[in-house]
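I wrote each entry after checking a single topic.

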Amino acid sequence: MTWLIPINIAEDGQATFDHFLTDLQRQLQDPNTHRAELVRELLAQTMYGRTYAELLGHLPVVALNLDPRNITFEAEYYMATDQTRFAQVKPLLWLWKNLDLTPLGQNPAFGIALRRVLAGFIFKKVGKNFKCWQNVEFSVGYNMEVGDEVVIHRHVLLDDIGGIELHDGASVSDYVNIYSHTHSVIDGPDVTLKKTVIGRGARITYHSTILAGSVVSDDAMLATHALLRGDIAPHGIAMGLPARTTRYKSRDDGASGPYGVDSRHWTHGPERKANPQFPDPTPTQTRLPSADE
Ligand SMILES: CC(C)(COP(=O)(O)OP(=O)(O)OC[C@H]1O[C@@H](n2cnc3c(N)ncnc32)[C@H](O)[C@@H]1OP(=O)(O)O)[C@@H](O)C(=O)NCCC(=O)NCCS
């Protein structure tokens, strides 16, 4: 049973927003669309109320800075980034980030629907009813794998350079940081990429941080302000700094029903070194023990 209240906005507002988003989706589906030109045009119109050509004539520095070909993202400076894949998603991340700075992006009635459209063209995978509130940051975007009914709240950092999986029904609260890369303590440039996995129905609560390679199993919970540097078993509640699992949820339906566990979600992927100067570690493919093992 949902606990959210359905809200309707004025009909003309809804119709106009729907039309804008349908048109955006259509343009992004068209392989002939030049993404950088589309994005600079949309930003000129939505942020400055004039066409890109008009803005270029009046304020060239402002206009040129809207074009994704004239800006850089932090990810582009790292060896770990697949530059070809990033180039594909970069204009859309620039659109997402800039619209978050405008009244349009700060309006959930428009912003959530917009991010749902963009996620479909940025993420590796996104399921039904993805709900992302404002001011969320990604490292590269293309390494996000998101299931159905996933929610991400405000001011979250999703460092997906090594991969982040968010399985069905997972939720990530305000000001959470989830990482998927680490640096050697001895050598800063020795970067290891490790996928981080958030299981089905798991809840990552506000202001907590998850280090690379952690697995939060199905129906587990990370308490507020916790620092997770490992795994949480199914139904576990981990708290503290570093986080330790001190309690387990007890559910009447045991391991079945909507909170049932599926051990396929808890797999650690192989680790990968980002800098060829440092050798790859021995590949590992480990798994948490299942609830009945
Ligand atoms: C994990 C959590 C649910 C525990 O709440 P609770 O069951 O009411 O726990 P209690 O307040 O009864 O505390 C139980 C014990 O855990 C400790 N504890 C509770 N929260 C803690 C935290 N975040 N970090 C460290 N210890 C914590 C308490 O100090 C207490 O320890 P004690 O037994 O030694 O005295 C809560 O801390 C939390 O993180 N809530 C997040 C809220 C949420 O759902 N956010 C998502 C919204 S989108």
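How do the residues of the shell around the ligand divide into nonpolar, polar and charged? Before answering, I noted that I am working with a predicted model. I then looked up the shell, and it divides into five nonpolar residues, six polar residues and one charged residue. The residues around the ligand are His153, Ser173, Arg203, Thr205, Tyr206, Ala223, Thr224, His225, Ala226, Ile237, Met239 and Gly240.

Strand S19 covers residues 236-239 and strand S20 covers residues 244-248, and the two pair in the antiparallel sense over four bridges. As one example of this pairing, I looked up alanine 238, whose bridge partner in S20 is threonine 245. The loop between S19 and S20 also holds proline 242, and the peptide bond that joins leucine 241 to proline 242 is cis, with omega about 0°. I wrote a reminder beside this entry that most peptide bonds are trans, and that most residues other than glycine have a negative phi.

Histidine 155 is found in the loop between strand S5 (151-152) and strand S6 (157-158). I counted it as partly exposed because 16 other C-beta atoms lie within 10 Å. Tyrosine 175 also has a positive phi, of about 60°, although it is not a glycine. Tyrosine 175 lies in the loop between strand S8 (171-172) and strand S9 (177-178), and it counts as partly exposed because it has 17 C-beta neighbours inside 10 Å.

Entry on serine 139. Is serine 139 buried or exposed? I found 25 C-beta neighbours inside 10 Å, so serine 139 counts as buried, the cut-off for this being 20 or more. Serine 139 is found in the loop between strand S3 (137-138) and strand S4 (144-146). When I left aside its neighbours within four places in sequence, serine 139 was in contact with Ala75, Asp159, Asp160 and Ile161. I also noted that serine 139 and leucine 157 are 18 residues apart in sequence and 8.2 Å apart in space, C-alpha to C-alpha.

Entry on the sheet. I traced an open sheet of six strands, which run in the order S1-S4-S7-S12-S15-S18 with parallel pairing. Strand S1 (125-126) and strand S18 (231-232) are the edge strands, as each pairs on one side only. Within this sheet I looked at strand S7 (residues 164-166) and strand S12 (residues 196-198), which pair in the parallel sense over three bridges. The bridge partner of glutamate 165 in S12 is valine 197.

Entry on two helices. Where they meet, Phe17, Leu21, Leu24, Gln25 and Leu28 in H1 face Phe110, Ala113, Leu114, Val117 and Phe121 in H7. The residues of this contact divide into nine nonpolar, one polar and no charged.

Key. Residues numbered from 1 in each chain as written. Predicted model: local features only at pLDDT ≥ 70, side-chain atom pairs only at ≥ 80, totals over all residues. Pairing = 2+ DSSP bridges. Near = placed C-beta within 6 Å. Nonpolar A, V, L, I, M, F, W, Y, C, P; charged D, E, K, R; others polar. Contact = placed C-beta atoms within 7 Å. Buried ≥ 20, exposed ≤ 12 C-beta atoms within 10 Å, placed from the backbone.
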